[in-house]
Amino acid sequence: MVPSPADIARYRHIAAAAVRGVGLLLFLYAGTRVGVFLWANLEELVASFSGGPRQRWNVERLITSVSLQAVLLGFSVFAIGWPRLIARWLVSARVRPACPGCGFDVKGLRSDICPECGLTLGPEFRLNEPSADAKVGATDPE
């Protein structure tokens, strides 16, 4: 059965909360990893920026240690900042008018009765746009 717009909104709200939670966990994990790396190498970092003898910071070690965390931080900032965008992508809203009794696609149906199960459909299932005959008559200048 096709979900209603209220169901889709509820699913998107749940997905946005889950995305934000995962983003926060990623942010905490990656942030602590970067912090631990910088704290462990603080002496080398201070020595490389101080006026004392020049020491080269091991760039290869920096890249291998922090690059994954930098990517995770980027994803976490995106997940925390725009969870509704991600939720909209995760939960599609392909809402087609369907019979609540059997799920038959009633798009374009001209009667108020489902041809599949015979259920009388309410006004929310009727066509919102005028019929093709009404469009032709409206464009006719006479």
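Predicted model: local features only at pLDDT ≥ 70, side-chain atom pairs only at ≥ 80, totals over all residues.
Read along the sequence, the pattern is α-α-α-α-α. The chain has 142 residues, and 20% of them count as buried. Its accessible surface comes to about 10,800 Å². Carbon and sulfur atoms account for 63% of that surface. Contacts across the sequence were also examined. Among contacts in the protein chain with a separation of 6 or more, 51% join residues 24 or more positions apart.

Helix 1 covers residues 5–40. This helix has 36 residues. From its first C-alpha to its last, helix 1 reaches 52 Å. That span is close to the 52 Å expected at 1.5 Å a residue. Several residues of helix 1 are buried. They are Ile8, Ala15, Ala16, Val19, Gly23, Ala30, Val34 and Phe37.

Helix 1 also carries a salt bridge. The count for the model comes to 1 salt bridge. The partners are Asp7 and Arg10, whose side chains meet at 2.4 Å, N to O. Asp7 and Arg10 lie 3 residues apart in helix 1, so about one helical turn separates them. An α-helix has 3.6 residues a turn, so residues three or four places apart point the same way. Asp7 is partly exposed, because its relative accessibility is 22%. Arg10 is partly exposed as well, with a relative accessible area of 45%.

The second largest pocket has a volume of about 160 Å³. Its lining is made by Arg12, His13, Ala16, Ala17, Arg20, Pro83, Arg84, Ala87 and Arg88. Two elements give two or more residues to this lining: helix 1 and helix 4 (83–90). Helix 1 gives the most, with 5 residues.

Leu72 counts as buried because its relative accessibility is 16%, below the 20% cut-off. Not counting residues up to four places away in sequence, Leu72 touches Leu26, Tyr29 and Ala30. Leu72 and Phe27 are 45 residues apart along the chain. Their C-alpha atoms are separated by 7.2 Å.

Ser76 is also found in helix 3. At 0% relative accessibility, Ser76 counts as buried. Ser76 is in contact with Gly23, Leu26 and Phe27, leaving aside neighbours within four places in sequence.

Gln69 touches Tyr29, Ala30, Arg33 and Val34, with residues up to four places away in sequence not counted.

Cys114 is found in the loop between helix 4 and helix 5 (132–139). At 2% relative accessibility, Cys114 counts as buried. Cys114 touches Cys99, Cys102, Phe104, Leu109, Leu119 and Leu121, not counting residues up to four places away in sequence. Cys114 and Gly101 are 13 residues apart in sequence. In space, C-alpha to C-alpha, Cys114 and Gly101 are 8.9 Å apart.

Notes
Residues numbered from 1 in each chain as written. Heavy atoms only, no water. Helix = DSSP H or I, 4+ residues; strand = E, 2+ residues; numbered from the N terminus. Expected span 1.5 Å × (residues − 1). Buried < 20%, exposed > 50% of the residue type's maximum accessible area, 1.4 Å probe, protein only. Salt bridge = Lys/Arg side-chain N within 4 Å of Asp/Glu carboxyl O. Contact = heavy atoms within 4.5 Å. Areas by Shrake-Rupley, 256 points an atom, 1.4 Å probe, with all protein chains shown as cover. 1 Å grid on protein atoms, 1.4 Å probe; cavity = no way out; pocket = protein on both sides within 12 Å on 5 of 7 lines; lining within 4 Å. Points joined across faces, edges and corners; volume = space filled by probe spheres on them.
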